[in-house]
Amino acid sequence: MGYAEQVLPFLVPRIRWALEKFRRVAPEKWVKLEEIRLRAEQPLQVEGGQSLFVRADGVPTTRPDQALKVEAPDVLRTVQLMGGNSLYTLEEELKEGFITLAGGHRVGLAGECLVGRGSLLRLKRVTSINIRIARQLKGISLQLLPFLTRDGRPLRTIIISPPQAGKTTLLRDLIRSFSNGEAGSAPVKVGLVDERGEVAGSYRGVPQLDVGMRTDVLTGCPKREGVFLLLRSMGPQLIATDEIGRPGDLDLIEEILNTGVGFITTAHAWDTKDLALRPSLQRLCAQGLVERVVVLSRRLGPGTLEGVWNGRTKEALLSQVQRLEVKG
Amino acid sequence: MKMIGAFLVIAASTMAGWVYSTLLKKRLHLLNALVQCFQWLETEVGYGSVPLGEAFMRISARLPKEVHVLLSSFAAELNGTAGLTADEAWQKILTQNREGLALKAEDWALLTDFGWTLGTTDREHQVSAIRQTIARLRHQATEAEEECEKNERLYRYLGIAAGTLVVLLFY
């Protein structure tokens, strides 16, 4: 099933029709689609290397006045459809600000908030939706494996990149490769704490994207509790988590390292210099806790590999800029 | 010849009386089935936080045929791709099934009201709306039961009596 079948049924018919036509009119743009954006009273936008508007007849355009205008009820109704017409099933999602669709597509939400005792209770009225198309590129991690393993054992790795450069896609494929034992590495049991449900794209608990045969996934669980739950009960040899960055995350990693289990995660940063500027991440590198740093960018398009560094010695192991590709 | 005619008249009016009395009974059965349905729904929504489409699909399988048709077509509408909200789908299904079910106008009004907030509020509010509907359905059911007891026989006898009267007048 392609992502069209996974995403389009959740959009209000008016917008769904326009996008279905867009898919037929401009298939070459459709396959590169990264985001679909619905904002109340704004033109319908799609992002895929280039920011475009979509007309009611599906033709992509750069002129906002010709594009299909998204009305406020369209946005509200789309959220309702995404919750199976049962908003009460989205209580947690409206608090966190995102929904995960079957297939792992992440839908970001913004709008009017309901606040109680100074903290966000939930989104009251959603006026902006950002649908991020999840893509699985099986095999993109294979060329990196030799740099991230020693004697077939995965090294403690952090993937850093700006948004939309393919962090999660690479992390997912690395987990899959380690778990399946691809390209000569010994298969390991992986425990994945998928706090935001983006890596495995779980729908009702079952991963929709391939994260390997030896991977146990804990979906929607806070990292700290999740990591310890897995360590206690599932005996993982490698712990993987999605994006770290909150202050508490660092202590967590230190604790994991003390248990002697492998570790792989991602973080938001533009490059290694930027990484060094963020106090919480800086400590990680300074202490030599991270053995490998993989840096991605969008320089040659999403999934551009800037290089692989040794986290301890800061020595570059691979510095040739290239696009990560699926090698058949 | 006259005898046959008289017999037919009596038979027809008896039948009419009988049909009317069964309608009363049917309404009572329907209301009771709906009470049951909303009680299950309360569990599905309140404890399981199950989406409406799935919840109604599951519930409808356990209910008598007429209610089953109503609820499973609602579930199908929700799970379909028409992009209707829960309320729109609910009202559509109610209109479609209005002819086929032995319910009174006030029962329909109650079901229509239920659709208003369906699926658009948080769990707590959904549960309280379901409970309110159950209470109203129970009230209607009690009324239907009383009416049944009081009038069931009446309508049957009335049917026979009316037929006999017509025959006596014209014989």
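**Strands, helices and contacts, question by question**

Tutor: Let's start with one pair: V294(A) has V308(A) as its bridge partner in β18(A). Keep in mind that this is a predicted model, where local features need pLDDT of at least 70, side-chain atom pairs count only at pLDDT 80 or more, and totals for chains, interfaces and linings use all residues. Residues are numbered from 1 along each chain as its sequence is written, while chains are lettered from A and ligands numbered from 1 in the order in which they are written.

Student: What makes β17(A) and β18(A) a pair?

Tutor: Strands are DSSP runs (E, at least two residues; helices are H or I, at least four), numbered from the N terminus. Two strands pair if DSSP finds at least two bridges between them. Strand β17 (292–297) and strand β18 (304–310) of chain A have 6 bridges, in the antiparallel sense, so they pass that cut-off. They form a hairpin with 6 residues between them, and G301(A) in the turn has a positive phi of about 105°.

Student: How many bridges join β18(A) to β19(A)?

Tutor: 2, and these strands run antiparallel, with β19(A) covering 316–318. V308(A) comes back here, with L318(A) as its bridge partner in β19(A). This hairpin has 5 residues between its strands, and K314(A) in the turn has a positive phi of about 65°. β18(A) also has 2 bridges to β20 (322–323) of chain A, again antiparallel, where L305(A) stands opposite Q322(A).

Student: Why are β5 and β7 of chain A said to stand at the edges?

Tutor: Look at the open sheet of 7 strands, with antiparallel pairing and the order β5-β4-β3-β1-β9-β8-β7 in chain A. β5 (60–61) and β7 (98–100) each have a single partner strand, so one side of each is left without a neighbour in the sheet. Inside that order, 3 bridges join β3 (45–47) to β4 (51–54) of chain A, running antiparallel, and V46(A) stands opposite L52(A) in β4(A).

Student: What does α2(A) touch when it packs on the sheet?

Tutor: β1 (35–39), β4 and β5 of chain A. The direction of α2(A) makes about 115° with that of β4(A); axes are lines fitted to C-alpha atoms, for helices over the stretch in contact, and angles run from 0 to 180 degrees between N-to-C directions.

Student: How do you know that chains A and B are in contact?

Tutor: Two residues are in contact if their C-beta atoms, placed from the backbone, lie within 7 Å. 14 residues of chain A are in contact with 16 residues of chain B. α2 (13–25) and α4 (72–82) of chain A each supply at least two residues of chain A's side, and α4(A) gives the largest share, 3 residues.
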